[in-house]
Structure formats: structure tokens, C-alpha cells
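Work through the exercises below with the model in view. Try each task before you read its solution.

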Amino acid sequence: MEKRTPGVDPAQLRPNIPPMADAIDDAKEALTSMLGKLGFEFEVEVSGDPGNEVLNIVSENSALLIGKNGDRLDDIQYLVNRITRNAHPDAQRFRIDCDGYRAQQEQRVADKALRLADKVRESGRELWMNPMNSYHRRLVHNALVDDPEIETVSEDTSSRNKKILIRLK
């Protein structure tokens with residue numbers, strides 16, 4: 001059963017997006033509509049392979065759009081995907097980036113994992129990484145999956161953000 005706020009028509013909460021044949025077009029239109037109504041000057045570029053597209057926002061106000069540690073960008077991505085899935089229930093989830101922030105962040109996470117793996121190899125001691133969401137944990141696991149000496153294990157907690165243990169096999 002859907003929760004509803006008394007006196008609010010759910011159709012009024014959605015941007016007025018005409019139905020389009022392509023989910024990526026709807027996602028781009030939702031993002032453009034949202035940021036335009038907030039008064040930002042920007043361009044949206046679509047990149048990536050079909051089925052793995054990224055909507056990159058190019059703006060002089062990137063710090064405002066990214067927020068602290070990408071939190072605002074995560075919120076924008078969540079909203080765009082919710083709006084898009086209303087029209088296309090089977091659509092993939094689209095990634096939203098701003099001036100390459102996510103790509104840089106992903107590279108930093110992978111580089112840190114590789115540095116810590118080198119320390120583990122040198123010292124023989126296991127090391128813990130700070131708590132991360134599932135996407136960043138997957139980046140760490142993938143960065144070290146081909147290393148024959150190192151294994152990674154996510155801690156077993158009910159928290160969304162979990163630590164990763166890096167240790168010798």
C-alpha cells in the first residue's frame with residue numbers, strides 16, 4: 001500500500017515529463033528539468049556504453065551540486081532514477097556525475113585499496129578500511145580481486161556502511 005500525504009496529489013509531485021521512447025532521454029529530461037527549476041546554469045552530457053550510461057552535469061556551480069562527500073549528487077541521482085522508473089519500470093539505474101567527481105572519487109578509492117594492500121604485503125598485518133557504502137566496497141573488492149596474495153572481506157553488520165578487511169590469503 002502506498003503512503004500518501006493528505007491533500008497532496010502524487011501526480012503533482014512529479015515533473016511534467018512527456019513520455020519518451022527511451023529511458024535515458026527521460027532521465028536526462030528529469031535532470032534538466034530539476035536543475036533548471038533550481039536556477040542552475042549547466043549542460044548535461046551522456047557518456048558510457050548503452051546500458052551503462054552516465055549523465056554528467058557540467059556546471060560552474062559543481063560544488064553546490066556535489067555537496068559534502070557527494071551526498072547531494074547521490075540525492076539527485078536517487079530522484080532522477082525514481083522519476084525515470086515511474087515511466088520505465090524496467091529501466092536500468094542511471095549514474096549521475098558532476099564534472100567528473102565520481103570518476104575521480106572511484107579512482108581515489110581504488111588507489112587507496114592498492115596502497116593498503118601493499119602495506120599488508122609488507123607488514124603481514126591485516127588492515128581495515130573506513131566504513132563504505134556497497135558501491136565503494138565493490139570498487140575495493142574489484143581493485144584487489146586479481147591479487148593472488150590479498151583477500152578482502154566486508155564486515156558482517158546490519159549497517160549500510162561497512163568496513164572492509166584487507167589481509168593476506
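This is a predicted model: local features need pLDDT of at least 70, side-chain atom pairs count only at pLDDT 80 or more; totals for chains, interfaces and linings use all residues.

Residues are numbered from 1 along each chain as its sequence is written, and side-chain values use heavy atoms, with hydrogens and water left out.

**Exercise 1.** List the elements of the protein chain from the N terminus on.

Solution. Helices (H or I, at least four residues) and strands (E, at least two) are DSSP runs, numbered from the N terminus. The protein chain has six helices and six strands. Their order is α-α-β-β-α-α-β-α-β-α-β-β.

**Exercise 2.** Check the span of helix H2 (residues 23–37), then find what its buried residues pack against.

Solution. The expected span is 1.5 Å times one less than the number of residues. For the 15 residues of H2 that gives 21 Å, and the end C-alpha atoms are 21 Å apart, so the two agree. Next, take the buried residues (under 20% relative accessible area, 1.4 Å probe, protein chains only). Those of H2 include Ala 23, Ile 24 and Leu 31. The buried residues of H2 pack against E1, E2, H3, H4 and E3, with contact meaning heavy atoms within 4.5 Å.

**Exercise 3.** Find the strand order of the open sheet with three strands.

Solution. The order is E4-E6-E5, with antiparallel pairing. Strands pair if DSSP finds at least two bridges between them. E4 and E5 stand at the edges with a single partner strand each, so one side of each lacks a neighbour in the sheet. E5 and E6 pair over five bridges. Val 153 has Leu 165 in E6 as its bridge partner.

Technical notes
Buried means under 20% relative accessible area, exposed over 50%, partly exposed in between (1.4 Å probe, protein chains only).
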